[in-house]
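Hello,

Here is the structure you were waiting for. Please open it alongside the sequence, then read on.

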Amino acid sequence: MKLHEYQAKEMFRKFGLPVPNGIVAEPGDDELIEMVELELSGPPWVVKAQIHAGGRGKGGGVKVVNSLDDVKVAAETIFSKPLVTKQTGPEGKKVTRILVEEGVEIDRELYLAMVIDRATAKPVMIFSQAGGMDIEEVAEKTPEKVLNVAIPPDVGWTSYLARSLIYQLDPIPERSIKKGLVSVMGKLYKAFMSLDCSLAEINPLVITKNGDVLAVDAKITIDDNALFRQKRVYALDDPLEKDPLELEAEKYNLNYIRLDGNIGAMVNGAGLAMATMDVIKMAGAEPANFLDVGGGADEDMIGKGFEIILRDDKVKAVLINIFGGILRCDVLAKGVAAAAKKVDVKVPIIIRLEGTNMEEGRRILDESAMEFLVAKDMVDAADLVTQQVS
Ligand code: GDP
Ligand code: MN
């Protein structure tokens with residue numbers, strides 16, 4: 001789960017990380033300018049689009065301004081159209097919130113982040129003196145400028161590790177700044193571990209002309225598997241940033257991920273779902289989604305899953321591939337039949353049904369009003385469904 005910059009900064013504040021003062025606003029917020037004047041020192045101020053995508057600076061989503069009038073103009077401009085950045089795709093993202101902050105005079109822009117390195121199964125601190133908007137290019141062309149240290153899980157972060165990074169800066173900053181950096185690294189580590197992050201990134205981590213160290217940007221991604229113990233963070237989840245069908249599926253506990261192809265697939269079990277996507281591709285077509293209804297699915301969940309697949313306009317044929325074990329074939333059939341009654345099924349349906357109560361499941365489907373083709377096995381199912389779209 002991703003957090004917005006303003007939410008990530010709120011978290012950072014709780015862990016004592018230095019972030020600029022700021023105000024969050026929505027379109028048509030009449031009091032914004034008054035609040036900026038009263039609550040934020042400045043000029044300059046920085047007006048920042050709040051979307052779950054990076055590269056905002058280069059896309060026009062971050063504006064440094066020097067008058068209250070310009071705060072207003074910048075806010076209106078940012079709200080006026082979808083923001084297109086390298087990470088949003090060409091259609092861009094609608095901006096529903098902005099963050100207005102006290103601007104700072106930047107002396108140096110550094111990069112600091114933490115991730116989990118899956119290869120070594122350790123948290124890693126990443127640090128670079130070439131922070132800012134071109135960090136991707138720096139990493140690609142001059143990877144030696146991006147430093148990283150693995151953190152021994154049994155020891156945790158130590159100021160020794162911090163110094164091993166900071167002393168590679170060129171020039172090495174003065175003592176008080178070094179102290180500031182050591183402190184920021186320690187606090188970022190605490191935040192990362194306590195919040196079960198998969199990513200915590202500060203780019204740029206700024207050294208100001210006054211010699212302060214400040215997190216000018218903030219990005220946090222929480223490991224979804226830890227959300228059960230991060231309830232407070234989970235409450236910050238922004239539904240506006242999600243695919244509407246995925247959001248609907250989440251409500252019904254369905255593991256549904258939308259993809260780019262045109263074959264809808266409903267499957268039980270993540271392994272079978274992946275294998276189904278493979279055979280669809282091998283048959284020459286592309287899956288429109290991943291959907292694992294899971295072992296414990298009931299009729300309602302099955303019906304909802306089927307409906308969600310059909311609501312995707314891209315879907316031109318659907319493959320239902322069920323190996324009835326814990327999920328019995330008759331339960332599946334009832335769910336599909338009930339959903340088919342509710343929604344108008346306009347695309348061909350291919351069904352491969354095996355396992356517990358298979359006969360009963362087939363009977364229920366035969367007696368339903370829905371038309372469908374029955375496949376002998378999985379490969380046959382993939383071939384049949386592919387023929388429907390080619
Ligand atoms: P991103 O492009 O989405 O990563 O957005 P950032 O929050 O990193 O902002 C982009 C760039 O705007 C930063 O790299 C800075 O160079 C610049 N910027 C952000 N805040 C300030 C500020 O307070 N003062 C100045 N001078 N520049 C800023
Ligand atoms: Mn940034």
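Below are the overall picture and a few local findings.

Please keep in mind that this is a predicted model.

Overall
The chain has 390 residues, of which 49% count as buried. Its secondary structure comprises 14 helices and 16 strands. The C-alpha trace spans about 80 × 50 × 35 Å along its principal axes.

D30 sits in the loop that runs between β1 (22-25) and α2 (32-39). Its relative accessible area is 75%, so D30 is exposed; the cut-off for exposed is over 50%.

A buried loop residue
T88 also belongs to a loop, the one between α4 (68-80) and β4 (98-102). Is T88 buried or exposed? T88 has 11% relative accessibility and therefore counts as buried, since buried means under 20%.

A helix residue
Next, look at helix α10 (residues 270-282), which contains V279. V279 is buried, because its relative accessible area is 13% and the limit for buried is under 20%. How far apart are the C-alpha atoms of V279 and R163? They are separated by 52 Å, and the two residues are 116 residues apart along the chain.

Best wishes

Conventions:
Residues numbered from 1 in each chain as written. Chains lettered and ligands numbered in written order. Predicted model: local features only at pLDDT ≥ 70, side-chain atom pairs only at ≥ 80, totals over all residues. Heavy atoms only, no water. Helix = DSSP H or I, 4+ residues; strand = E, 2+ residues; numbered from the N terminus. Buried < 20%, exposed > 50% of the residue type's maximum accessible area, 1.4 Å probe, protein only.
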